[in-house]
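Subject: Handover of a structure and summary of findings

Dear colleague,

Please find below the structure that I am handing over to you. My findings follow directly after it.

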Amino acid sequence: MNDDCIFCKIAAGIIPSATVYEDDDFRAILDIAPAHKGHTIILPKKHAANLFELDADSAAKVFPVAKKVAAAVKKATGCDGVNILQNNGTAAGQTVFHLHVHVIPRFEGDGILPVWPQGAYADGEAATLAEAIRKEL
């Protein structure tokens with residue numbers, strides 16, 4: 001636990017929250033500033049600032065938790081769909097530097113998350129970038 005991290009304190013139960021799910025590795029709570037009612041965030045109990053610091057074991061476990069929570073949010077809210085969102089770094093919108101996964105209920109036409117513009121690759125650019133990414137793997 002990072003003593004300076006508010007999400008560590010919430011995940012440990014030191015700071016109260018509206019908890020919807022908990023197991024040995026994660027706590028899922030209602031976001032206090034929800035995009036829609038039912039907006040839930042999944043917090044690993046083990047501190048990692050972002051995806052790049054998350055250990056492989058926690059990474060393997062978080063998506064099954066997201067699936068379980070998303071199904072419950074969908075049933076409880078009657079939403080039309082859900083976004084599963086996880087931000088890494090300030091440029092990506094991360095504001096709390098403890099990895100967390102958002103489960104956001106969505107309703108047709110709600111407009112809460114913009115659709116990103118669709119770009120394009122120049123001839124050969126996608127193949128070059130794909131090769132660069134493969135080399136990093």
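This is a predicted model: local features need pLDDT of at least 70, side-chain atom pairs count only at pLDDT 80 or more; totals for chains, interfaces and linings use all residues.

Overall dimensions and surface

Taken along the principal axes, the C-alpha atoms fill a box of roughly 55 × 35 × 25 Å. The protein chain has 137 residues, of which 32% are buried. Its accessible surface comes to about 8900 Å², and carbon and sulfur atoms account for 58% of that area. Of the contacts with a separation of 6 or more, 51% are between residues 24 or more positions apart.

Charges and salt bridges

The protein chain carries 13 positive and 17 negative side chains, and the centres of these two sets lie 7 Å apart. Side chains of opposite charge can pair when their charged atoms come close. The structure holds seven salt bridges, and several of them are described here.

One of the salt bridges joins the side chains of Lys61 and Asp25, with an N to O distance of 3.0 Å. Lys61 belongs to helix H2 (residues 56-77), whereas Asp25 sits in the loop between E1 and strand E2 (26-30), so this pair ties together parts that are 36 residues apart in sequence. Lys61 counts as partly exposed because its relative accessibility is 31%. Asp25 is also partly exposed, with a relative accessible area of 28%.

Arg106 and Asp110 likewise meet through their side chains in a salt bridge, at 2.7 Å from N to O. Are these two residues buried or exposed? Both Arg106 and Asp110 are buried, which means that each has under 20% relative accessible area.

In helix H3, Glu131 forms a salt bridge with Arg134, and the closest N and O atoms of this pair are 2.7 Å apart. Because Glu131 and Arg134 are three residues apart in the helix, about one helical turn separates them. Glu131 is partly exposed at a relative accessible area of 34%, and Arg134 is partly exposed at 48%.

Finally, Glu22, Arg27 and Lys45 are linked in a network of salt bridges.

Strand E1 and Val20

Val20 lies in strand E1, which covers residues 19-22. With a relative accessibility of 46%, Val20 counts as partly exposed. Which residues does Val20 contact, leaving aside its neighbours within four places in sequence? They are Ala28, Ile29, Leu30 and Thr40.

A nonpolar surface patch

Tyr121, Leu129, Ile133 and Leu137 form a nonpolar patch on the surface, and together these residues have about 490 Å² of accessible area. Tyr121 is placed in the loop between strand E5 (101-106) and helix H3 (125-136). At 55% relative accessibility, Tyr121 counts as exposed, because the cut-off for that class is over 50%.

Yours sincerely,
A colleague

Technical notes
Residues are numbered from 1 along each chain as its sequence is written. Side-chain values use heavy atoms; hydrogens and water are left out. Patches are made of residues with over 30% relative accessible area and no salt bridge: like charges are joined within 9 Å, nonpolar side chains (Val, Leu, Ile, Met, Phe, Trp, Tyr) within 5 Å. Accessible areas come from the Shrake-Rupley method with a 1.4 Å probe; for residues, only the protein chains shown count as cover. A salt bridge is a side-chain nitrogen of Lys or Arg within 4 Å of a carboxyl oxygen of Asp or Glu. Helices (H or I, at least four residues) and strands (E, at least two) are DSSP runs, numbered from the N terminus. Buried means under 20% relative accessible area, exposed over 50%, partly exposed in between (1.4 Å probe, protein chains only). Contact means heavy atoms within 4.5 Å. Lys and Arg count as positive and Asp and Glu as negative; His and the chain ends are not counted. The place of a charge is taken as NZ of Lys, CZ of Arg, CG of Asp or CD of Glu.
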